[in-house]
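Subject: Structure handover

Hi,

Here is the structure I promised to pass on. Please open it next to this email and follow along.

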Amino acid sequence: MESSWSGLGTTIASLMFLWTMVHQYLPYQFDQNIAKYAQKLLGYIYPYIEIKIHEYTGDRFKRSEAYATIKVYLSANSGKRAKKLKAEIGKDSSNLVVSMDEHEQVTDEFRGATVWWSANMKIARSQSISIYPGEGEQNYYQLTFHRRHRELIMDHYLAYVMEEGKAVAVRNRQRKLYTNNPSQNWYGYKKSVWSHDIFDHPATFNTLAMDHDEKQEIIDDLVAFSKGKDYYRKIGKAWKRGYLLYGPPGTGKSTMIAAMANYLDYDVYDLELTAVKNNTELKKLLIEATNKSIIVIEDIDCSLDLSGKRKKEEKQKDDEEEEKNLPGKPDKEESSSKVTLSGLLNFIDGLWSSCGGERLIVFTTNYVEKLDPALIRKGRMDKHIELSYCSFQGFEVLAKNYLDLDSHPLFETIRQMMEETNITPADVAEHLMHKSTNEERNATTCLEDLIQSLHKLKEEMKSKEAAAQLEVKSKATALQPKENGSIEKTVVENGDTSKEES
């Protein structure tokens, strides 16, 4: 018996060796025909059906939603059955979520039918540079089942897997903060155009230093948007909404974004425009962003020069670089972004913006007057929110957050001074925060420090107003009409004062 098995093994090995040698000399068309007919023959003998779900579909642009949902479903069901697992951090960073690793197989049962799931990875043989995510390494799941269960699997089981996977994803969802990868690393070296970390910002609307009515107005607007899927489809608009947050530095624009994300349970995509090479990459970033997300471009006025004079300035700089001819200087095409105002407008509300839903697009700026009107008009930035200096209601929120105070004898003094002085919420919070754990200050000391700072700001404002009035007065008296109708102008040169008539 042992000699028979040994002889059979030798025969099979010899046949495989011969086939390998002959196979390389066969014409391509002949090889394809052999594979075609072998597959048909195997179909009559092999009683199982196989379905592959690839991570990226044929267009290579967007990750398959079916693949992501099946991954979640298998993560919840493979922990007790698979032997080869991989672990990722779970919700709230308090646990690990395990899923089966590549080249592992698990079984599942549904209404008496047994199916087999396997995780696989195919590496492309092409030596060309990978342009799209997933082109180099093609991950896919394979579902195998007996053909007598075809109707049960196709009509009921797959729908069950998708429904259960989405439910598990909602229960275990860990919100993420994304940032776009630099352009030079995107081609061929990154699976995705976005990299991410866990989003765990503590800001909420309860801790936001704003007037109560303004805060409630924003909350109502967010709720209406999150529940407006059918309404947006009815009126023929993509399910998205633009927010423009503007105001002086330190007024809480970034904190507002975090509060919005926490309230809606959305992911945050922090888009750095200077790292985007051109409009095409900007479009791909939009396609890769998931639903239930906030796409943020902070300091939009500083991110890129999107005005009409940008091309002239770039041409002038290019000419200067050619004259200098510095060694080791990167090319302009490699070092600067080619994103245009037109590309950014298409990103906000062009045709590609409808590829996905339930997205907020948020711009922040310290100088709203610098922005192109076409960028912030209604329909693109639908809601404009001014985050100005701290009001007394905002101070009350901060006093509750930092000092656990609902009232204090010094509150009335602070109210009066805030009506006469401009101070940002960030400055107020700095005075209310304990500077160190070794020397804790009591609430009264913190409030007195704030009052002292308000006094100082008030004196500075008076000094600036006096200087401005003096400047206006000096300009008004610089040109004085004389009795003969001429204008007397004072001229100062080298310390000597003379007068001219005109």
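Of the contacts in the protein with a separation of 6 or more, what percentage comes from residues 24 or more positions apart? The figure is 67%. Keep in mind that this is a predicted model.

**Overview**

The protein has 502 residues, and 35% of them count as buried. It contains 18 helices and 16 strands.

**Two residues with positive phi**

Most residues other than glycine have a negative phi. Here are two that go the other way. Glu358 has a positive phi of about 55 degrees, and it is not a glycine. Look for Glu358 in the loop between α13 (341-349) and β12 (359-365). Asp404 also has a positive phi of about 55 degrees without being a glycine. Asp404 sits in the loop that runs between α15 (392-403) and α16 (411-420).

Are these residues buried or exposed? Glu358 has a relative accessible area of 7%, so it is buried, as that is under 20%. Asp404 has a relative accessible area of 60%, so it is exposed, as that is over 50%.

**Asp267**

Next, go to strand β10, residues 267-270, where you will find Asp267. Its relative accessibility is 7%, so Asp267 counts as buried. Which backbone nitrogen lies 2.8 Å from a polar atom of the Asp267 side chain? It belongs to Lys176. Lys176 is also one of the residues in contact with Asp267, leaving aside neighbours within four places in sequence. Others include Arg173, Tyr178, Thr290 and Ile294.

**Aromatic rings**

How many aromatic pairs are there? The count comes to 16.

Elsewhere, ring pairs join Tyr73, Phe110, Trp117, Tyr157 and Tyr160 into a cluster.

Charged groups also sit over rings. The charged end of Lys370 is over the ring of Tyr367, 4.5 Å from its centre. Arg241 lies over the face of Tyr243, 5.9 Å from the ring centre.

**The second largest pocket**

Rolling a probe the size of a water molecule over the atoms shows where empty space is left. The second largest pocket holds about 360 Å³ of space. How many residues line this pocket? There are 19, and Thr207, Ala209, Thr255, Leu398 and Tyr402 lie nearest its centre.

**Pro425**

Last stop: helix α17, where Pro425 lies. Pro425 counts as buried because its relative accessibility is 10%, under the 20% cut-off. Along the chain, Pro425 and Tyr389 are 36 residues apart. Yet their C-alpha atoms are separated by 6.7 Å. Tyr389 is in contact with Pro425. So are Ser388, Cys390, Gly250 and Thr251, among others. Ala209 and Leu398 are on that contact list too, and both are among the residues nearest the centre of the second largest pocket.

Best wishes

Technical notes: Residues numbered from 1 in each chain as written. Predicted model: local features only at pLDDT ≥ 70, side-chain atom pairs only at ≥ 80, totals over all residues. Heavy atoms only, no water. Helix = DSSP H or I, 4+ residues; strand = E, 2+ residues; numbered from the N terminus. Buried < 20%, exposed > 50% of the residue type's maximum accessible area, 1.4 Å probe, protein only. Polar contact = N/O pair within 3.5 Å; in protein donor to acceptor, adjacent residues only side chain to side chain. Contact = heavy atoms within 4.5 Å. Phe/Tyr/Trp six-rings, centres within 6.5 Å; stacked < 30°, edge-to-face > 60°. Lys NZ or Arg CZ within 6 Å of the ring centre and 35° of its normal. 1 Å grid on protein atoms, 1.4 Å probe; cavity = no way out; pocket = protein on both sides within 12 Å on 5 of 7 lines; lining within 4 Å. Points joined across faces, edges and corners; volume = space filled by probe spheres on them.
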